[in-house]
Amino acid sequence: MDLDDILPQIGEFGKYQKLMLWLICLPACFPCGFGAFNQLFMADIPNHWCRVPALSNLTVEARKRLAIPQENGTFAKCARYALNYSLVEDWGGPGEPPPPTEPCLEGFEFDTSTSLHSSIVLDFGLVCDKAIYPTLGLVALNVGGPLGVYGFGCLNDRIGRKRTFFLCLTVLIVGGLLTALSPTFWWWAASRFVVGLTIPAIYQIPFIISLELVGPNYRSFITVLTCLFYTVGLIMLAGITYLVRDWVHLSLLTSAPFILYYLYWFVLPESPRWLLAKGRFEEAATILETLAKTNGKELPACFKQQLKQRMSNKRSSSEEARLNRNLGLRDLCATPNMRLKTVLITLNWFANNMVYVGLSYYGPSLGSNQYLSFLLSSAVEIPSYVAAWLLIERWGRRWPLCLCMILSGISCIATVLVPKENDQTTLVLFLVSKSAISASFFIIYPFAGELYPTAIRGLGIGASAYIAGLGLIIIPFVTYLGSDVLVLPIIIMGIISVLGGLCGLRLPETLHHRLPQTMEEGEEFGKDFEWSDCLRCRPPKPSVALSGSYEDLEMSDVKPGDEEQLEESPEPRRISMRRLARQQSVMDTQKTADGTMNMTYWF
């Protein structure tokens, strides 16, 4: 028996779900942003020059004048004059050529006269020939992500959501503590890999618990809330990094406080949907009884008996279904239309993922204040999510997605026209780009879920999102190019975003259409696409509903019989926040045969 059959009777989004959501599941989104982006502020690079111990008795300016060559009016960072400094008090006169240079053989001196007093660059000497090492730390973090989401995904479906969340939390805290205790760079990089194992799994698990506790009419609303709380976590991180400039203390402060989350063990329920799928009826019934009582509802008297009987029937049909041929990756590309849609969805997702994360990484390097830049780049996501939520109900998925990506790309590319000294204009263009790509990143998941047929939706989304996640291993190297040419990474990301947006125009619109169920329906959906459809911004509403085994994608109320009335009404409906909060979502359709959501499909 699917939990969606029970929730309307005991409350889809009542007091119980609101308490669990606001006090537990939404705050549980904070660790993901902290773990993913705190290391951007551990690798600040101060001004530096070669260390010359023989001149340590002189002032800084005297040491630099005697030992450090000048390049374009500034002192070199990675070279010094090749002299015997124990015998030299001064060299040369007017017109005399300078002596030859050599690398920094005895280490570096760092300018700590600013507010920067600690970073891994200072402690481990990560400059000049080791300047790429902080980038390798980001790569280590992103390599851990795909491995962790698969491992924790398997555990999530095997031992339950609650235990997996606390195990994932433990790994994140341990990784943060190991980061703070790192004596060498490679220890630090390995610690970041450990933290990366929990990114984004530490976000996905409470997200799925939230989705499984509420009814289908509120899951889109829950998705928006979790995105907003994730962004609130990034804003909090901007404040913490501004106040805490020591990288060791920063690592501790962005991991150790989450030890308090272990108190959730006593109040966080296991997912009743998972318990039902595992046949643990008594435990599921206890949670549902508590849910109903808190919501002021009552469970049917014969609930337990009916539950066992229906679950038994469900499992029999599931076992029977497993005897049929299992669909695989090959089926995604077996027919021409499905092959084209799969390639376009994957390319679009790849571009979205790379540009969104790349801009997030690159934000602190723009403007005169890295903390303010990161704060603004995070804050602009909030209106983006709300605007995208409103747009996709009225204007469909394809055009808002593609326009946001193209706008983001053009804003990035436009930075090449801005004078180098005009940091504020560059920052404004960057914020426009980040806002637009955040909106498109919000749209891509439900859009992909509507394009893949139900029979293979989970596998399709999993494959596309996993390939897109591999792009995160590349993006740190793209942002590293900015150490020589500041705007080069943002131009590259702009080109990727524009190309991704143009690719998305070929995808068929899904608003007012019905969700394909079988592979045959998936092949037929969008097969009659014409290039003139690309120019249609607002999809027309069909006058007659399509028949067959399609699911209605139109955002509808939960009252029975409303679907026909909504389809026959020729006048556009007003958008209300209450209606939007109760709209149905296809983002919960990645389920196993037992009805539980499989976390491995959410990466």
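Predicted model: local features only at pLDDT ≥ 70, side-chain atom pairs only at ≥ 80, totals over all residues.
I started with Arg514: buried or exposed? Arg514 turns out buried at a relative accessible area of 13% (buried is under 20%, exposed over 50%, partly exposed in between, with a 1.4 Å probe and protein chains only). I found Arg514 in strand E7, residues 514–515 (strands are DSSP E runs of at least two residues, helices H or I runs of at least four, numbered from the N terminus). From Arg514 to Phe525, 11 residues along the chain, I get 9.2 Å between C-alpha atoms.

Residues are numbered from 1 along each chain as its sequence is written, and side-chain values use heavy atoms, leaving out hydrogens and water.

Next I looked up salt bridges (a side-chain nitrogen of Lys or Arg within 4 Å of a carboxyl oxygen of Asp or Glu). The count comes to 9 by this rule. Arg161 pairs with Glu212, with the closest N and O atoms 2.8 Å apart. That pair links distant parts of the chain, helix H7 (residues 161–180) and helix H9 (residues 201–213), 51 residues apart. Both Arg161 and Glu212 are buried.

I also checked Arg397 and Glu450, which meet in a salt bridge at 2.8 Å, N to O. Arg397 sits in the loop between helices H18 and H19 and Glu450 in helix H20, so this pair ties together parts 53 residues apart in sequence.
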